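Hi everyone, thanks for coming. Let me put the sequence and the model up, and then we can walk through them together.

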Amino acid sequence: MSKTDWIKQEIENLKTQGFYNRIRTIGSPQGAWLVVDGKKVLNFCSNNYLGLANHPKLVAAAKKAVDELGIGPAAVRSIAGTMSLHVELERRLAAFKGVEASITFQSGFTANLATIPALVGKEDVIFSDRLNHASIIDGCRLSGAKIIAYEHCDPASLEAAIKENLSQYRRALVVTDGVFSMDGDVAPLDKVYEVASRFDLLLMVDDAHGEGVLGKGGRGIVDHFGLHGKVDVEVGTLSKAFGVVGGVVAGSPVVVEWLRQRGRPFLFSSAVTVPDAAACIAALDILEASTELVDKLWDNAKYFKAEMKKLGFDTGLSTTPITPIMLGEAPLAQQFSRELFENGVFAMAIGYPTVPQGKARIRVMISAAHAKDDLDKGLEVFKKVGEKLGVIQ
Ligand SMILES: *Cc1c(COP(=O)(O)O)cnc(C)c1O
């Protein structure tokens, strides 16, 4: 027996249960079409909502910054790794989002790991939407606070949980995803705010799938609900609609200042590189200049969803460009995804345990990078595979 045999056994278990991740390799720039494992396919998988991941302006800004400032920050932010571009990016993000301050992180994931433990600890309680993202769950666990899950997108359940538990704790944090990535539904942030503010609780939203998507010109969920100045912490990512990599916390100056002092991934891990920061600033230039890409994203999403419904597909609860095609059992979703791929369309099957049993689906990610012809090609293949597998008539 070797001491790693148990790992081999666990991997075998994943394979027999159908949970083993086979990771595909992309051999082209991100865009409407990809070369995946050597085959050219229509891309319905990536979070590149606005097509910025390979935008010429971002590419040019990154190249120029590398020529001027090199690549790496060479130290953590608090020692010698805060470069002028990081400060400029934070100033520009705050202005874009209409808040007083922002702080950036290596990713949306680390933004959550930094923020939650800085705000609550062992004597405190967190009220967390049952379907929150893994990085929120991990941030909650790291904080040591008591975690109480309330029912998904249900302000009444949140209120009941607060009433029952609040008095036993020192402080409380309410935390929710903005857009939920598997169903494409949007948290009722106005109502969640109404409940949190009645009890005077800290409120945090992770708007990873709403940044660059929701609100005026992609300013996010707080803008979408007109809650400016009311949400204490708005987490976002620069790796989805922004097309680069990084995370951001936007909100009140005192929270941002506290995260500079106590956000552990900020203090103990280096920041994004020079080309990343420069490309993010170029993305902001594009978003501030025009709402064209965000409008195109929504036009594409509405068109695709309406046509899928006409074909007889069930697109679930989505009100955003995330479009689940509900299929039921996991083997059917996996077979559907394989048939799509054989017909030149790359779209992921998602099953248990990522979504509940019996709610397996294909998840289509719509982008402004798609031309109408691309969407029509996708619809044609969905029709063909849906008929073949008996999902539609
Ligand atoms: C994708 C996602 C993240 C992680 O963002 P990265 O920048 O890729 O680390 C965090 N939270 C939510 C809700 C997400 O959907």
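I'll start with the domains, go on to the contact between them, and finish with the ligand and the salt bridges.

A word on the ground rules. This is a predicted model, where local features need pLDDT of at least 70 and side-chain atom pairs count only at pLDDT 80 or more, while totals for chains, interfaces and linings use all residues. Residues are numbered from 1 along each chain as its sequence is written, and side-chain values use heavy atoms, with hydrogens and water left out.

So, the domains. Domain 1 covers 17-46 + 291-388, and domain 2 covers 57-289; these bounds come from an automatic or database domain assignment. Taken over C-alpha atoms, their centres are 27 Å apart. Where they are in contact, meaning heavy atoms within 4.5 Å, domain 1 contributes 18 residues and domain 2 contributes 16.

How much area do domain 1 and domain 2 bury between them? The figure is about 1,300 Å², with 66% of it on carbon and sulfur atoms. Buried area here is the accessible area (1.4 Å probe) that two parts lose on being put together, summed over both. On the domain 1 side, Thr291, Val294 and Ile322 supply 32% of the area buried against domain 2, more than any other three residues.

One salt bridge crosses it, where a salt bridge is a side-chain nitrogen of Lys or Arg within 4 Å of a carboxyl oxygen of Asp or Glu. Arg361 pairs with Asp183 in a salt bridge, and their closest N and O atoms are 2.8 Å apart.

On to the ligand. Phe109 uses a polar backbone atom, 2.9 Å from an oxygen of the ligand, and His133 has a polar side-chain atom 3.4 Å from a ligand nitrogen.

Last, the salt bridges overall: the count is 21. Another example is Arg198 with Glu194, at 3.0 Å from N to O.

Note on methods:
A polar contact is a pair of N or O atoms within 3.5 Å; within protein, one must be able to donate a hydrogen and the other to accept it, and residues adjacent in sequence count only if both atoms are side-chain atoms.
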